[in-house]
Amino acid sequence: ASGAQGPALVEGVGLGMAGADSDDSLYPIAVLIDELRNEDVQLRLNSIKKLSTIALALGVERTRTELLPFLTDTIYDEDEVLLALAEQLGNFTMLVGGPEYVHCLLPPLESLATVEETVVRDKAVESLRKISHEHSPVDLEVHFEPLVKRLASGDWFTSRTSACGLFSVCYPRVSSTVKAEIRQHFRTLCSDDTPMVRRAAASKLGEFAKVLELEYVKSDIISLFTALASDEQDSVRLLAVEAGVSIATLLPQEDLETLVMPTLRQAAEDKSWRVRYMVADKFSDLQKAVGPEITKNDLVPAFQNLLKDCEAEVRAAAANKVKEFCENLPEDSRETIIMTHILPCVKELVSDTNQHVKSALASVIMGLSTILGKDNTVEHLLPLFLAQLKDECPEVRLNIISNLDCVNEVIGIRQLSQSLLPAIVELAEDAKWRVRLAIIEYMPLLAGQLGVEFFDEKLNSLCMAWLVDHVYAIREAATCNLMKLVEKFGAEWAQNTIVPKVLGMANDPNYLHRMTTLFCINALSEVCGQEITTKHMLPVVFKMSNDQVANVRFNVAKSLQKIGPVLDSNCLQTEVKPVLEKLASDQDMDVKYFAQEAISVLSLA
Amino acid sequence: HKLSVMAMSSAATTAPSVDKVDGFSRKSVRKARQKRAQSSSQFRSQDKPIELVQLPLLKDVSAQEQPELFLKKLQQCCTLFDFMETLSDLKMKEYKRSSLNELVDYVTLSRGYLTEQTYPEVVKMVSCNIFRTLPPSDSNEFDPEEDEPTLEASWPHLQLVYEFFIRFLESQEFQPSVAKKYIDQKFVLQLLELFDSEDPRERDCLKTVLHRIYGKFLGLRAFIRKQINNIFLCFVYETEHFNGVAELLEILGSIINGFALPLKAEHKQFLVKVLLPLHTVRSLSLFHAQLAYCIVQFLEKDPTLTEPVIRGLLKFWPKTCSQKEVMFLGELEEILDVIEPTQFVKIQELLFKQIARCVSSPHFQVAERALYYWNNEYIMSLIEENSSVILPIMFASLYRISKEHWNPAISALIYNVLKAFMEMNSALFDELAANYKSDRQRERKKDKEREDLWRKLEELELRRGVQNSDGVIPT
């Protein structure tokens with residue numbers, strides 16, 4: 001597509017719409033105006049969402065001269081409509097005649113960028129950023145940059161907030177005089193009176209720094225960063241942390257110590273836990289940005305402090321980063337640093353008073369074994385794993401179990417099996433069904449790592465017990481689990497261990513359990529293959545077609561439809577078809593419906 | 001940015017066996033089993049026990065010695081204790097508590113104690129104790145209606161500090177002209193941040209403190225209003241989380257009451273750009289009464305604001321939350337109670353289009369709340385005066401719902417409303433009833449025309465697509 005489409009589209013209107021009435025080309029805009037004024041928001045929304053259709057019908061010129069002015073003048077609507085409009089306009093360049101005319105889109109987007117509602121404003125800024133790239137350097141200076149300036153000096157905080165997101169997209173492509181102006185505007189917004197604007201500026205500081213020349217990063221950005229990082233509001237300070245990380249990546253190593261480290265050190269000890277949380281949360285990025293030397297001298301002690309922080313939120317955020325931090329330590333001193341500085345803190349966290357901290361640690365701690373190797377793992381980490389496997393909080397145990405594969409690669413899972421089993425059994429019977437669901441999902445992995453013998457002996461009965469759980473989601477997951485186990489252990493194993501038990505449930509007095517048999521058959525028929533399905537499962541399904549509960553009967557029909565493809569055509573014709581035909585004349589409406597559906601899907605009619 | 005670490009489900013707080021039957025348990029039940037949560041960020045762990053030198057009681061020393069001893073006690077009370085550690089420093093905690101009690105009595109009863117040099121010491125002691133970073137909320141999804149708030153662990157001391165400060169501010173000897181050097185913008189800013197405390201007892205104290213400061217420090221008034229603005233805007237557009245909104249609104253209620261007429265543009269902007277958007281927040285129920293009070297205060301001051309206010313409410317009218325819709329209807333009735341007939345006429349069409357939608361809401365509480373308007377004599381008199389405008393707007397909804405609503409109580413109420421309309425203007429009523437069918441048909445026809453139009457437009461677009469891909473279009 002290109003601008004060349006323009007004239008042809010105008011002609012198209014005549015072709016498409018004219019018919020008998022030549023005024024029909026006016027139709028769309030009249031309709032749009034009508035629809036935009038409709039009382040029903042939904043109708044207004046619909047017409048805005050089809051704005052591109054209307055613009056196509058109008059052609060580029062009338063879109064520019066009639067549609068856009070109309071939209072600019074009528075921006076007063078509900079936020080939902082405005083959001084749709086802001087989004088549409090970001091993709092409108094071709095519809096107004098290509099990059100040459102893209103600046104026509106600026107007036108409505110400028111108004112939208114001053115709206116109160118954050119989502120609308122953000123969307124308008126996103127669209128403005130998008131179309132900024134379609135402006136020629138000249139248009140950027142003539143049309144776009146003045147808009148940014150107007151927003152930056154707007155009365156109400158909303159327009160100034162929006163301006164913050166636009167500096168970085170125009171800066172690289174304008175003249176040096178304009179660049180100086182842009183830097184000045186950004187500086188002003190960084191010390192704005194309202195915290196909302198300072199927050200917006202702080203959150204764009206890193207992005208803006210990236211497009212600035214290095215000399216200005218050093219002269220301008222650093223002082224802004226330092227000021228924002230000591231703002232009176234912690235919500236501003238914490239955003240400066242993120243900017244600090246971006247800035248650090250831009251500076252040469254020798255400048256880091258003097259320009260950013262004092263501020264970052266101060267942030268790691270900020271009196272507000274939110275700021276310290278942010279430092280912990282960005283720790284890996286920070287580590288990469290400052291390099292190995294500063295990491296060794298500064299970040300290691302800072303990380304230790306964060307792991308010992310008085311607020312659990314901060315400890316949890318730091319605990320989450322333990323593995324990544326260790327992984328990225330310089331190789332020459334990695335093991336020493338971990339063993340002498342990090343591991344002692346980690347040991348403390350294992351018995352933290354806060355479950356979220358323990359649980360965050362449990363989700364990464366297993367990863368340390370690959371870094372530390374077999375001997376250290378057995379000597380130092382294994383006791384921690386075992387302690388966490390016995391933790392009172394199910395989430396901690398679950399997180400350990402879900403990461404077993406890391407340890408498996410290093411020392412094998414057998415070392416853990418003693419403690420593993422009681423942990424699994426307890427989770428399998430946890431009162432919260434979501435916990436039970438989570439452990440079921442790890443069963444195939446555990447089965448693979450522990451081997452078929454261990455599984456049959458210890459875990460098989462658990463898997464079967466879930467099939468009769470009182471929560472449907474658990475029964476469903478248990479069914480799916482069986483299928484994955486069969487994929488691992490093979491059809492023969494299935495026939496000997498699980499198929500008899502599953503089929504036994506067909507005689508259960510509880511109809512929900514009888515249905516579970518059918519659901520299992522649905523899941524297992526394909527992995528078990530034609531022989532087992534035909535010989536063992538199918539007779540049970542047939543028998544259940546006489547069940548007194550209609551739900552069971554229509555599930556028989558659904559099952560037959562599902563397993564049909566596994567069966568041979570003879571069996572389908574001579575055995576399945578009569579059963580389905582009988583069900584198709586059942587008294588129950590639903591049974592009939594599903595039987596008929598099966599008949600038509602299996603082409604048995 | 002989002003602090004989501006703590007969001008990780010409640011799977012953690014297990015109480016085995018009890019939940020076995022039902023995987024879900026009501027949050028409140030679960031919470032009740034836990035110990036009442038307490039938290040405090042005031043204190044960073046410190047290993048050494050704290051030792052304070054026991055000072056004599058104020059009443060035991062001579063009148064000349066009292067001021068100096070008072071200062072010493074103020075300085076001592078700057079020492080902070082760790083209340084999360086329940087067993088540490090028990091004796092010293094008790095000592096500080098009794099000292100604070102003494103200070104409270106002293107500022108209440110003594111005369112001539114407030115010398116210039118006392119002010120900075122008082123403010124310093126209060127600042128040391130109350131200004132702190134509030135601890136993280138216990139859960140990310142703290143639901144103030146359902147969950148117990150986390151209480152401030154150091155309350156035994158904090159309460160007395162607040163009480164002392166309030167007595168100090170209320171003391172007859174208190175001189176704002178001296179105090180303003182110490183109770184400045186920075187002080188107020190920190191005070192406002194504390195309104196986010198989860199502990200309702202603390203917010204209650206803060207409310208009194210801020211009210212006193214607003215009353216006594218004229219130079220801080222505009223600043224306080226601006227900062228409250230910022231808190232509300234941040235609450236509405238950024239975080240949706242701030243515990244002290246109701247308390248701040250309560251203070252504002254009395255501030256608005258005192259606004260001089262004619263209202264300044266700044267105050268009107270506050271109404272339209274800050275108070276009205278507060279209606280969009282999810283937790284509206286927690287501060288709606290105070291908010292509605294503020295709005296009505298504004299309208300009583302200046303009735304010409306009625307139109308922008310009602311337009312604002314209609315713009316933010318809840319789309320999916322019926323509970324909020326009921327609150328909106330309640331607030332609207334409060335507004336209608338004080339509306340001037342000339343203002344009513346300006347807004348009646350838009351207003352009754354919304355009321356017509358509410359009346360036909362499938363949620364019976366919404367429909368019921370709207371229909372209760374017809375029990376309000378003043379509203380009835382307004383409707384009657386303007387029945388020729390309102391009846392045509394309402395009629396279709398009422399007529400349809402009278403036959404369709406699932407709830408018999410609603411049907412009965414609707415019947416009464418229809419009857420009232422019939423008595424008001426029987427000629428118009430009969431005409432509308434006669435035209436009901438043809439009007440519906442016309443609407444359906446219009447819908448169909450709209451569909452046709454869009455279909456044609458889409459066909460056009462499709463055809464273009466085909467042409468383009470065939471490259472038929474000449475350049």
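Predicted model: local features only at pLDDT ≥ 70, side-chain atom pairs only at ≥ 80, totals over all residues.
1. The side chains of D332(A) and K296(A) form a salt bridge, with 3.7 Å from N to O. This pair joins distant parts of the chain, 36 residues apart: D332(A) sits in the loop between α21 (322-327) and α22 (334-350) of chain A, while K296(A) belongs to helix α19 (residues 283-307) of chain A. The two partners may also be described by their accessibility. D332(A) is exposed, at a relative accessible area of 63%, and K296(A) is partly exposed, at 26%.

2. UniProt, in an unreviewed entry, places the feature "domain: Phosphatase 2A Regulatory Subunit A helical" at residues 105-286 of chain A. In the model, this span is 79% helix and 0% strand.

3. Over all chains, the count of salt bridges comes to 58. One of them pairs E181(A) with K149(A), whose closest N and O atoms are 2.6 Å apart. E181(A) lies in helix α12 (residues 176-190) of chain A and K149(A) in helix α9 (residues 137-152) of chain A, so the bridge ties together parts that are 32 residues apart in sequence. E181(A) is partly exposed, with a relative accessible area of 31%; K149(A) is partly exposed as well, at 27%.

4. In chain B, R225(B) forms a salt bridge with E266(B), and the closest N and O atoms are 3.2 Å apart. The partners are 41 residues apart and link distant parts of the chain, with R225(B) in helix α9 (residues 221-239) and E266(B) in helix α11 (residues 265-275) of chain B. R225(B) counts as buried, at 12% relative accessibility, whereas E266(B) is partly exposed, with a relative accessible area of 38%. A further point concerns shared partners: salt bridges join R44(A), E78(A) and K319(B) into one network.

5. Is Q348(B) buried or exposed? Q348(B) has a relative accessible area of 4% and is therefore buried, the cut-off for this class being under 20%. This residue lies in helix α15 (residues 341-359) of chain B. Leaving aside neighbours within four places in sequence, Q348(B) is in contact with N386(B), V389(B) and I390(B).

Terms used: Residues numbered from 1 in each chain as written. Chains lettered and ligands numbered in written order. Heavy atoms only, no water. UniProt positions renumbered as here; feature names shortened; annotations may be inferred. Helix = DSSP H or I, 4+ residues; strand = E, 2+ residues; numbered from the N terminus. Buried < 20%, exposed > 50% of the residue type's maximum accessible area, 1.4 Å probe, protein only. Contact = heavy atoms within 4.5 Å. Salt bridge = Lys/Arg side-chain N within 4 Å of Asp/Glu carboxyl O.
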